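Take a moment to look over the chain before reading on. The paragraphs below walk through it step by step.

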Amino acid sequence: MIELKNVTRRFGDAVAVDRINLTVETGEVCVLVGSSGCGKSTTLRMINQLLPHSEGQILVDGNDVTAMNPEQLRLNMGYVIQGTGLFPHWTVARNIAMVPQLLKWPRERIDERVHELLTLLDLDPATHANKYPQQLSGGQAQRVGVARALAANPNILLMDEPFGALDAITRENLQLEMLRIQSQLRKTTVFVTHDIDEALRLATRIAVMDQGRIIQHDTPENILRRPASVFVENLVGKQDRGLKLMSLHTVRDLMEAHPQPREPEPGADGLKEDDSLRVALSIMLWQNWSQVPVFNADGQETGTITRDRIIQEGA
């Protein structure tokens with residue numbers, strides 16, 4: 001879907017991005033991660049030509065972006081930034097409807113799409129559609145920013161530190177929303193962050209950048225297990241890589257499944273199938289549980305998991 005071939009970007013004599021090669025497959029979430037000033041946001045903005053590249057070639061679905069109409073290129077890509085970029089004097093509904101209106105969708109189709117996206121992002125259309133951005137919490141406004149990016153159903157979603165200004169709880173909730181939406185929509189996504197935990201949680205593949213170059217491009221698990229350099233090793237953390245590996249796998253992966261789901265005992269405590277092994281181990285250590293039942297989304301008991309198995313096999 002997206003290919004960068006020997007791409008360089010200069011600002012005067014300064015090289016911001018230095019001969020990078022990157023391929024983002026269809027339906028993949030590629031997270032660009034690295035310290036401030038490493039070139040990750042510049043790389044993102046070259047994909048939709050908000051910044052022209054100085055050298056090399058950028059292809060989107062096999063087409064050279066320099067041969068495409070920049071406005072048309074951007075209309076076919078969703079773009080989410082930190083701070084949302086919502087128009088303050090427009091309602092939520094009008095902000096979301098912006099690109100469909102530019103594409104001259106019929107009014108009825110636009111209204112249906114706004115309703116659909118607000119529902120998808122867990123915002124009640126009846127409550128939020130006619131609000132203004134200043135009437136929203138930070139998390140709600142960021143959800144509206146994501147909804148606006150998805151409004152015209154683009155194939156590609158570009159996200160530049162979208163959750164960076166939010167508090168930890170809101171940020172985690174929005175990361176979970178992104179995972180849920182991605183499981184449904186399968187958008188080709190390029191996501192910029194400086195937070196390695198966010199990258200590990202969201203990415204199909206991670207591109208680690210330093211000083212304008214891509215140091216390693218691989219799956220989260222491979223980056224944790226086989227960091228390509230001391231820089232990458234320091235970025236992912238030397239001391240807690242085992243716990244980070246546990247965060248990539250769920251209780252479902254290691255539980256002993258029952259032949260058939262069971263109705264749980266009244267008031268029974270346990271874990272969810274989708275809990276990460278890291279969360280599961282933390283809960284089991286805190287509660288001093290050696291074995292606990294596992295429940296699915298419908299509240300049925302689907303299996304059991306032991307603390308020993310998590311410790312032995314979780315990483």
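In which helix is Gln 182 found? Gln 182 is found in helix H8. Helices (H or I, at least four residues) and strands (E, at least two) are DSSP runs, numbered from the N terminus.

A word on the source. This is a predicted model, in which local features need pLDDT of at least 70 and side-chain atom pairs count only at pLDDT 80 or more, while totals for chains, interfaces and linings use all residues. Residues are numbered from 1 along each chain as its sequence is written, and side-chain values use heavy atoms, with hydrogens and water left out.

Back to Gln 182. Its relative accessibility is 10%, so Gln 182 counts as buried. Buried means under 20% relative accessible area, exposed over 50%, and partly exposed in between (1.4 Å probe, protein chains only). Leaving aside neighbours within four places in sequence, Gln 182 is in contact with Gly 27, Val 29, Lys 187 and Thr 189. Contact means heavy atoms within 4.5 Å. Thr 23 lies 159 residues from Gln 182 along the chain, and 19 Å separates their C-alpha atoms.

Now the whole chain. The secondary structure comes to 15 helices and 14 strands. Of the 315 residues, 49% count as buried. The C-alpha atoms fill a box of roughly 60 × 50 × 35 Å, taken along the principal axes. Among contacts with a separation of 6 or more, 65% join residues 24 or more positions apart.

Helix H1 covers residues 40-47. Because 7 of its 8 residues are buried, H1 is largely enclosed by the rest of the structure. Lys 40, Ser 41, Thr 42, Thr 43, Leu 44, Met 46 and Ile 47 are the buried ones. Just after H1, Gln 49 takes a positive phi of about 65°.

Next, the pockets. On a 1 Å grid over the protein atoms alone, a pocket is an open set of points where a 1.4 Å probe fits, with protein on both sides within 12 Å along at least five of seven lines; lining residues have an atom within 4 Å of a point. The largest pocket has a volume of about 890 Å³. Of its 22 lining residues, Glu 172, Leu 176, Arg 201, Ser 276 and Val 279 are the closest to its centre. Helices H8 (168-185), H9 (196-202) and H14 (277-287) each give two or more residues to this lining. H8 gives the largest share, 6 residues.

The second largest pocket holds about 370 Å³ of space. Its lining has 17 residues, and Arg 74, Met 77, Tyr 79, Met 98 and Val 99 lie nearest its centre. Strand E6 gives the most to this lining, with 4 residues.

Last, Lys 244. Its place is in helix H12 (residues 241-247). At 6% relative accessibility, Lys 244 is buried. Its side chain reaches the backbone oxygen of Val 236 at 3.1 Å. Not counting residues up to four places away in sequence, Lys 244 touches Ile 196, Asp 197, Leu 200, Leu 224, Val 236 and Arg 278.

Conventions: A polar contact is a pair of N or O atoms within 3.5 Å; within protein, one must be able to donate a hydrogen and the other to accept it, and residues adjacent in sequence count only if both atoms are side-chain atoms. Grid points are joined across faces, edges and corners, and a volume is the space filled by probe spheres set on the points.
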